[in-house]
Amino acid sequence: MKGVVEERAAMLGEYIIESKATVRSAAKKFGVSKSTVHKDVSQRLRILNPALYREVRQVLDMNKSERHIRGGMATKNKYLKEKQIKNHTDCE
């Protein structure tokens, strides 16, 4: 069982680096929880493969610094979509 966890940690790390993925998107892709992804890449990977851990950490730090922008864009898109729906129903 230990080997599976170690392999998953490495696969998650490589996926995050290659796709610049967030913890949430990596969890969805691999069918595990966000907590599992976070533990794998921040604790297990640090011990198993320090070089890969450092690369993953850079991507996660970048994602963390940009999250307020993504949140703002999501909110903007939500209200634009609601406005379009309202305008469409008013025209009918």
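This is a predicted model: local features need pLDDT of at least 70, side-chain atom pairs count only at pLDDT 80 or more; totals for chains, interfaces and linings use all residues.

Modeller: Searching the whole structure turns up 1 aromatic pair. Its partners are Tyr-15 and Phe-30, whose rings sit 5.5 Å apart, centre to centre. The angle between their planes is 75°, and since an angle over 60 degrees counts as edge-to-face, that is the label this pair receives. The two residues are 15 apart in the chain, and the pair links distant parts of it: Tyr-15 belongs to helix α1 (residues 2–19), while Phe-30 belongs to helix α2 (residues 23–30).

Are these two residues buried, exposed or in between? Tyr-15 has a relative accessible area of 22%, so it is partly exposed. Phe-30 is partly exposed as well, because its relative accessibility is 26%.

Now for the surroundings. The protein chain has 4 helices and 0 strands, giving the pattern α-α-α-α along the sequence. Its radius of gyration is 18 Å, well over the 12 Å from the globule rule for 92 residues, so the protein chain is more spread out than a compact globule. The C-alpha trace spans about 60 × 25 × 20 Å along its principal axes. Buried residues account for 23% of the 92 residues. Of the contacts between residues at least 6 apart in sequence, 59% join residues at least 24 apart. Finally, the accessible surface is about 6,900 Å², with 55% of it belonging to carbon and sulfur atoms.

Notes
Residues are numbered from 1 along each chain as its sequence is written. Side-chain values use heavy atoms; hydrogens and water are left out. The radius of gyration is taken over C-alpha atoms; the globule rule is 2.2 Å times the number of residues to the power 0.38. Buried means under 20% relative accessible area, exposed over 50%, partly exposed in between (1.4 Å probe, protein chains only). Contact means heavy atoms within 4.5 Å. Accessible areas come from the Shrake-Rupley method with a 1.4 Å probe; for residues, only the protein chains shown count as cover. Rings of Phe, Tyr and Trp (its six-membered ring) pair if their centres lie within 6.5 Å; planes under 30 degrees apart count as stacked, over 60 as edge-to-face and the rest as tilted.
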